[in-house]
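My notebook is open, and I have a few things to look up. Here is the model I am going through.

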Amino acid sequence: MASDQPRWWHPAVDASPEEALALEAAAGQQPRFAQLDTLAARLLTTAHRGGLMVSVVRDVGPQAADSVAVVGLSAQEKVWCAETFGVPEQQRRGAWYLPQKLSLKAGAVNLPHLVRERPAHALTLAADDSAGVSLVDGAADAVLLWSVLVPLFETLIEPIRVRAAGPTKTIDDQQQLWSGIEERYRLLGIPSDVLEDFRFGGGWHRLDRHGQQHARLRLLDALAGVDPLQLVTRHRILQLQALMAGFAKKSKTGTALARRVVTRALQPVISGYFTGDWLAALDYLQAPPHPDEEVITALPEPRLYVGMSAQAAGMAAEAGIPEDEIHAMLAAFLGGPTSLSPVEERVAALREWWTAFDQAHAVQRPSMRSLWGLVDDGIMGFGPDEHGFTQQLYRQVLPASVNERVDRLWQSVTLQRHARSIVSNPHPHQLMAQTLGPALEFWHGVALTAWFVCEGPYSRAPLSGVADYYSRPLTALRDASCPVSQGLFEELRTAERNLGPEESIVRDRTELPVDTAVGSFSLTLRYSSGNRREGFERVRDIVTRHRRAWADQYLGTYLEQRWRTALEDVARAHHRHAAAKGRPPTLIQFAQFATAAANQWTGGDLGGLYTAIGEPAPAQQERPARLLPGDCYDFARRVYTALGGIAIDDDLRMNQPEEAQRQWQLNGLAVESLRYVQLHEALGQPPTFKQFGSRRLALAWPGREAEGWTVFQRTLATLTDASPPPSAPAAGTTEAGPGLLEGTQHVLAKGANAPLRTESVAVRLIATGVPVDVSAVLLTSHGKVRSDHDLVFYNHPHHDGVRTSGDTVTADLPHLPEDVHTVAVIASIDLEAQPTASFDQHTTWHAEVTQPTGGEIAFTPAPFVAGETVTIAMEIYRHGSGWKARAVGQGYDTGLAGLATDYGLNVEP
């Protein structure tokens with residue numbers, strides 16, 4: 001905002017809440033908040049008295065979405081909340097930043113109730129009250145909680161939450177934390193003595209369990225004694241002061257665009273206090289909109305380009321040209337060899353597969369093996385088939401042409417975190433089954449249930465319980481308007497009553513002669529496993545008749561609903577991103593919400609998916625050379641054998657349990673070898689231990705990482721005919737010789753490293769052509785931050801022995817906490833100063849690493865070429881009992897959001 005245009009709120013930015021509220025009232029701005037302030041104050045009063053505030057209803061399943069409701073709203077308040085906080089209403093006012101799914105800490109709002117009603121278990125129960133809420137269908141209460149109530153209650157109950165979490169690392173950290181809490185309480189007008197038991201040094205640790213419970217109750221009683229309207233309005237003005245400060249920072253030469261001001265931290269403020277309306281916020285700030293501001297009130301309807309080949313004849317007749325030319329033009333548009341879109345190809349393949357699948361179940365007889373394994377559900381083992389399961393049974397039962405078509409169409413995928421490449425898919429039949437979705441889950445499942453109920457050895461559900469056992473896929477089919485007839489379940493219940501009696505399944509029978517003083521006799525030993533009941537073929541025919549009737553009526557509709565829903569969801573997410581950010585997503589950003597649909601319907605080709613939704617692709621993906629062999633199950637089995645795997649039988653389990661456990665670990669490594677080779681394709685080189693993320697695996701060698709990782713890599717290099725990685729420790733880096741810093745200066749190539757002395761180390765980043773911000777991220781051995789405090793930057797310049805100052809990051813290595821394994825030094829372009837800048841041949845940077853006792857390391861990367869605005873320049877990391885510096889030079893064209901995803905940070909977009 002230009003300095004010659006003073007506004008009422010300018011002095012309010014740094015004023016106390018009481019002074020800021022007075023300025024707001026004098027400007028006539030308070031009436032807009034009166035209804036919300038009154039509602040929040042009433043709910044706060046109810047909470048302090050012990051009333052339940054939020055009900056959480058759990059959902060189950062991989063796509064589950066919980067629901068929440070604010071308890072005690074009147075009918076009139078519910079109507080007002082729906083109009084104010086309803087997602088469609090907020091989006092019509094421009095709040096397209098609202099996510100489709102929201103994680104809510106509802107327990108913070110219920111904690112006062114739980115402390116009074118369930119004091120012994122309050123904190124555990126509150127922690128269980130987190131909810132993953134879908135915002136697709138309105139969810140006004142969820143937005144009210146997210147934007148207003150949860151921030152308010154989290155501030156008020158922060159002392160209880162902090163004490164429940166236990167002490168932080170150092171005394172300085174604890175003092176700083178409690179100073180912040182006391183300051184927030186002071187700003188809210190809460191007397192300081194209410195924290196007497198809680199504050200640092202107040203004797204909390206001397207209280208027993210009941211003493212701590214009473215202290216929590218005393219705090220709630222003290223908070224209940226403060227005017228709730230005062231608490232609500234002061235908390236509100238503190239939130240709005242953050243908006244004022246952010247607006248002033250971004251609007252030094254005029255009103256900034258909404259997307260420059262409304263950071264992730266300020267999104268709840270706009271939704272909570274301005275109904276998601278940026279223009280209402282500008283009215284509050286007495287500022288005109290930016291000339292280029294565009295408030296999008298509705299997203300365009302998705303337009304899908306699928307099925308055009310079926311219209312070729314009509315298009316040719318209308319244009320007066322041969323039909324062959326139309327097909328040729330469609331093929332060129334789709335980027336494929338024919339005018340069939342990738343989606344149409346896969347729909348045809350699914351129809352063909354379904355016919356073969358149906359026939360396999362229809363001819364099943366008691367003398368045959370079970371069909372568990374006909375559908376690839378990801379089970380992979382290297383011992384004998386057990387319990388009726390046959391691995392890759394589809395290879396033996398289905399026609400070769402059907403299997404080959406599945407292998408071809410689902411042979412490639414895009415990995416969400418490595419979206420620049422299309423790589424091999426080790427499980428094409430599993431991905432095909434996921435593409436078919438709940439219809440296959442139910443019809444295959446009910447057929448297997450019929451088999452195991454009748455032929456044994458056991459079934460997880462009776463025939464009479466099929467409807468309950470498969471309720472999730474049945475609900476999904478009903479929601480897709482493709483329901484399963486209730487007559488099936490009635491017939492199954494009747495058929496179950498008419499099955500034969502239970503008969504033991506005898507697996508082994510042995511007769512032993514026994515001689516005694518009174519005579520001889522024969523002892524018969526029988527080993528049985530489970531039971532069977534006569535009548536499978538009758539049940540099979542019931543299921544077959546209903547399955548075929550369902551397919552005749554619904555299969556075509558169902559398959560269209562599957563691909564149409566997937567593609568329309570991607571198109572809407574694309575439009576939402578463009579509306580929220582003011583520009584279409586990059587390829588990497590697109591992959592975050594489009595990868596699943598691309599893998600199922602376009603062979604992982606994001607460009608093909610862009611074409612299907614009618615949007616231009618911002619970049620082309622690469623197709624690296626395939627390293628995975630055609631039969632990935634056989635490859636994993638060969639890995640298992642090469643690593644020393646043997647069959648695990650009952651004798652091994654009983655007599656050598658430790659060796660059996662080791663064999664299970666080798667089994668897990670063999671299964672994960674497929675992902676390793678997949679990553680090798682995506683990265684263009686063998687993944688490092690960190691990139692592979694193998695800490696969740698047990699390396700079955702005495703030396704663990706140091707020994708096992710090298711054996712694992714060498715084995716895979718041999719079996720894939722790939723170049724073996726250089727000799728490396730678990731981190732996968734090339735070792736540098738000792739004493740590297742003893743000379744004058746050493747220049748590192750990208751990926752190389754050098755030893756450091758265990759003393760202070762300074763990393764300076766010198767940039768040319770563009771202003772950059774230099775920051776540091778403290779990482780654990782898992783490559784993730786411990787909390788958001790591990791981001792050290794200009795607004796948080798010192799943390800746990802790491803400091804930023806201008807263009808330099810300094811790390812005091814002897815005093816870094818033991819759980820800090822790596823300090824990553826980051827350079828990011830100041831996009832506020834130059835919004836369109838990126839690192840390129842004109843915009844470069846150079847790193848210099850120095851230590852007090854002398855020596856210098858230098859690293860100058862090659863110019864970036866892909867629009868990167870953020871780079872990991874250097875890493876300072878633990879190696880054995882010492883430290884090393886590594887030249888990284890990894891750029892991100894997704895900005896800080898991409899880096900934050902990799903490191904587990906929650907930062908402003």
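I start with a definition: a charge sits over a ring if NZ of Lys or CZ of Arg is within 6 Å of the ring centre and within 35 degrees of the ring normal. I note that this is a predicted model, where local features need pLDDT of at least 70, side-chain atom pairs count only at pLDDT 80 or more, and totals for chains, interfaces and linings use all residues. Residues are numbered from 1 along each chain as its sequence is written, and side-chain values use heavy atoms, with hydrogens and water left out.

**Charges over rings**

I looked up arginine 675 and found its charged end over the ring of phenylalanine 692, 4.2 Å from the centre.

**Aromatic pairs**

I took rings of Phe, Tyr and Trp (its six-membered ring) as paired if their centres lie within 6.5 Å; planes under 30 degrees apart count as stacked, over 60 as edge-to-face and the rest as tilted. How many aromatic pairs does the structure hold? I get 33. One of them joins tryptophan 80 and phenylalanine 85, edge-to-face at 5.9 Å centre to centre and 85° between the planes.

Are these two buried or exposed? Buried means under 20% relative accessible area, exposed over 50%, partly exposed in between (1.4 Å probe, protein chains only). Tryptophan 80 counts as buried because its relative accessibility is 17%, and phenylalanine 85 is buried at 0%.

I also wrote down a cluster linked by ring pairs, whose members include Trp353, Phe442, Tyr469 and Trp550.

**Two helices crossing**

Helices (H or I, at least four residues) and strands (E, at least two) are DSSP runs, numbered from the N terminus. I used axes that are lines fitted to C-alpha atoms, for helices over the stretch in contact, with angles from 0 to 180 degrees between N-to-C directions. The axes of H9 (residues 171-188) and H11 (residues 228-250) come within 9 Å and cross at roughly 115°. With contact meaning heavy atoms within 4.5 Å, Arg186, Leu187 and Leu188 of H9 meet H11 residues including Gln230, Arg234 and Leu238.

I count strands as paired if DSSP finds at least two bridges between them. E14 runs antiparallel to E15 (residues 802-805), joined by two bridges. Histidine 799 has valine 802 in E15 as its bridge partner.
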